[in-house]
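Please read them with the model open.

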Amino acid sequence: MEKPLSLTLLYTANIAGDLALLPRLFTFLQQLKADSRQPALLLDLCGSCADDVWHCRETGARSTLMALDAMGYHAANVAGTLDDRNHEKLADQVTLGLVDAGRDWLYRAPPVSDGSISVRLRARADAARLQIVLSSAERTAIEGNAVYLGAVGAGQVGEALVDLQEAPTLITARVHVMPPDTPPNPSMAGTVEFIEQEARLLARKRG
């Protein structure tokens with residue numbers, strides 16, 4: 001399988017357990033992916049759940065990550081979000097890469113399999129073709145073989161296009177704001193409802 005000559009990164013952050021946002025966000029992401037017309041990695045940088053959100057508390061912060069998995073996300077930063085017990089539980093249920101200080105994710109997502117592209121919490125000195133640093137930076141930039149992604153808020157999607165033909169080069173970087181009239185995806189709305197039902201069931205079992 002040939003390695004990609006360029007790569008689009010689409011990323012979110014700070015969802016903070018707002019499951020009601022996700023059906024509309026899924027529609028928006030589908031539009032952006034269609035516009036890119038090339039392989040795109042879908043990433044979440046941080047803050048998928050929040051301690052003051054009921055379903056995050058009941059599921060040990062697994063709820064939003066399960067929704068991101070259903071939306072086709074490739075990897076998410078779970079440092080400070082998932083403890084080891086909930087990391088182990090979720091890892092058996094999703095294909096989403098759960099990235100933290102001790103766990104990277106390699107770009108192996110059909111139809112692309114390129115183990116020289118890694119998604120990790122911090123850049124390291126190694127021979128990776130491209131390191132995607134999965135945390136918010138002041139701005140989107142490439143330093144050496146590491147790409148840093150600028151911060152975005154809830155309802156925003158960052159996009160970075162990286163040329164990989166020689167040394168990694170940033171072609172474009174922008175932030176898309178989801179239009180307020182974006183319609184919710186019905187299938188994703190059903191998934192959110194199911195996740196909330198499961199969280200309520202866990203709460204009832206705990207009494």
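**Cysteines, salt bridges and a charged patch**

1. C49 and C56 are joined in a disulfide, with 2.2 Å between their sulfur atoms. The model is a predicted one. The link of C49 and C56 is left-handed, at -85° about the S-S bond, and both cysteines are buried. C46 takes part in no disulfide; its nearest cysteine sulfur, that of C49, is 13 Å away. C46 is partly exposed, at a relative accessible area of 23%. The count for the structure is one disulfide.

2. The whole structure holds five salt bridges. One of them pairs D100 with R103, with 2.4 Å between the closest N and O atoms. D100 counts as buried because its relative accessibility is 11%, under 20%, while R103 is partly exposed at 32%.

3. D104 and R120 form a salt bridge at 3.3 Å, N to O. D104 sits in the loop between β4 and β5, and R120 in strand β6, 16 residues apart. D104 is partly exposed at 32% relative accessibility, whereas R120 is buried at 5%.

4. D114 and R129 form a salt bridge, their closest N and O atoms 2.6 Å apart. D114 is in strand β6 and R129 in the loop between β6 and β7, so the pair ties together parts 15 residues apart in sequence. D114 is buried, with a relative accessible area of 1%.

5. D104, R120, R124 and D126 belong to one network, joined by salt bridges that share partners.

6. A surface patch of negative charge is made up of D83, D84, E88 and D92. D83 lies in the loop between β3 and α4 and is partly exposed, at 40% relative accessible area.

Terms used. Residues numbered from 1 in each chain as written. Predicted model: local features only at pLDDT ≥ 70, side-chain atom pairs only at ≥ 80, totals over all residues. Heavy atoms only, no water. Patch = residues over 30% accessible without salt bridge, like charges linked within 9 Å, V, L, I, M, F, W, Y side chains within 5 Å. Areas by Shrake-Rupley, 256 points an atom, 1.4 Å probe, with all protein chains shown as cover. Salt bridge = Lys/Arg side-chain N within 4 Å of Asp/Glu carboxyl O. Lys, Arg positive; Asp, Glu negative; His and termini not counted. Charge placed at Lys NZ, Arg CZ, Asp CG, Glu CD. Helix = DSSP H or I, 4+ residues; strand = E, 2+ residues; numbered from the N terminus. Buried < 20%, exposed > 50% of the residue type's maximum accessible area, 1.4 Å probe, protein only. Disulfide = S-S within 2.5 Å.
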